[in-house]
Amino acid sequence: MTVYNFCAGPAKLPEAVMNKAQSEFVNWNNTGCSVMELSHRSKEFIAVYDSAIASIKQLLGLSDEYTVLFMHGGGRGQFSAVPLNLLNSGQANYVTTGSWSQAAVEEAKKFGAVTEQNTVEIVGGKKQVISMSDWQVSQDSAYVHYCPNETVDGIEIFEQPSFDVPVVADMSSTIFSREIDSSKFDLIYAGAQKNIGPSGLSLVVVKKELLARSQETVPSVFNYKLTHEKDSMFNTPPTYAIYLAKLVFDWLLENGGVAAQEVLNKKKADLLYQTIDNSSFYSNNIASANRSRMNVPFFLANSELDSTFLAQAENQGLVALKGHRIVGGMRASIYNAMPIEGVKALTEFMQEFERTHG
Ligand SMILES: *Cc1c(COP(=O)(O)O)cnc(C)c1O
């Protein structure tokens with residue numbers, strides 16, 4: 001039976017990547033060693049690292065104004081690193097649209113003065129994010145922070161930011177899923193376990209001019225300036241995670257890059273949302289302009305059927321569909337690695353379940 005894993009994270013990785021990693025697990029590139037056994041300073045590993053960095057620059061269309069860092073501590077590590085490096089004695093604006101941006105602001109409050117604005121409104125029973133022109137961002141802010149895709153809530157912001165202060169975005173669950181104008185961002189970060197690779201690793205893309213803000217008091221492993229100066233090797237980087245990320249980037253580039261993923265991701269999301277909208281048995285509570293293409297929460301009209309739905313889905317190889325505990329219902333995470341066949345299998349199952357239980 002084919003298993004389709006809809007987990008929000010750690011999430012499914014591309015099958016071709018997993019097979020390649022398996023085939024060279026104990027003997028990489030005729031070194032007689034696994035990648036994870038090689039020194040991070042060996043020329044072999046440096047080649048992997050350089051390739052990963054070059055691919056990220058290509059996939060995101062980054063100019064030379066940016067540096068790309070690999071850090072430890074996942075997405076949440078950056079909830080601390082961002083204010084530690086960028087805030088100093090200033091203040092920052094945090095825009096909240098769901099549980100991850102909320103967690104980010106709670107962490108930032110530990111380090112300095114932050115103001116918070118919830119930009120979600122309910123229109124006709126659906127959640128929607130107010131236009132960026134109505135976000136309150138002060139001229140003297142050290143930065144504005146937001147989360148373009150709320151993994152738990154299923155809210156995505158497609159509007160391009162344009163503010164007078166540096167823009168910081170938590171792209172953990174949307175990076176590489178659609179084209180962005182990277183020049184609109186001053187710092188992008190992402191935990192790896194959604195669209196990049198194994199958990200623990202975080203990717204940070206930062207404008208070099210911001211590095212001057214990193215004071216010596218910032219803990220070294222979280223210091224952007226130091227990490228940049230040491231090519232992400234101040235301490236031992238998560239080498240195997242970087243290697244797997246490199247394989248994912250190779251796979252992306254071989255398959256048409258971010259533009260091609262965007263077309264596919266739109267198709268997958270449209271199919272799932274149409275199935276939900278065309279039934280009175282399933283519902284989703286996000287306004288169409290903000291519906292996430294990566295994380296699709298949905299509810300059954302009768303929540304008493306939730307456990308039956310999950311059990312039957314699992315029997316058919318459709319796993320990890322249980323919604324986040326604070327949202328309830330179901331959630332299908334359909335990142336880059338989810339083939340359209342997985343979404344088709346899910347929608348067919350949903351229609352059949354509605355026919356037999358609706
Ligand atoms: C998963 C996620 C995080 C947290 O990542 P960790 O690696 O668990 O720290 C942060 N932000 C967003 C948007 C996420 O989806």
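Reader: How many residues does helix α3 have, and what span is expected for it?

Author: In this predicted model, where local features need pLDDT of at least 70, side-chain atom pairs count only at pLDDT 80 or more, and totals for chains, interfaces and linings use all residues, helix α3 covers residues 74-86. Residues are numbered from 1 along each chain as its sequence is written, and side-chain values use heavy atoms, with hydrogens and water left out. Helices are DSSP runs of H or I with at least four residues, strands are runs of E with at least two, and both are numbered from the N terminus. The expected span is 1.5 Å times one less than the number of residues, and α3, reaching 18 Å from its first C-alpha to its last, is close to that expectation for its 13 residues, namely 18 Å.

Reader: Where in α3 does a kink lie?

Author: The bend at a residue is the angle between axes fitted to the seven residues ending there and the seven starting there. In α3 a kink of about 25° comes shortly before the proline Pro-83, at Ser-80.

Reader: Is α3 mostly covered or uncovered?

Author: Buried means under 20% relative accessible area, exposed over 50%, and partly exposed in between, with a 1.4 Å probe and protein chains only. The buried residues of α3 include Ser-80 and Pro-83, and with 11 of its 13 residues buried, the helix is mostly covered.
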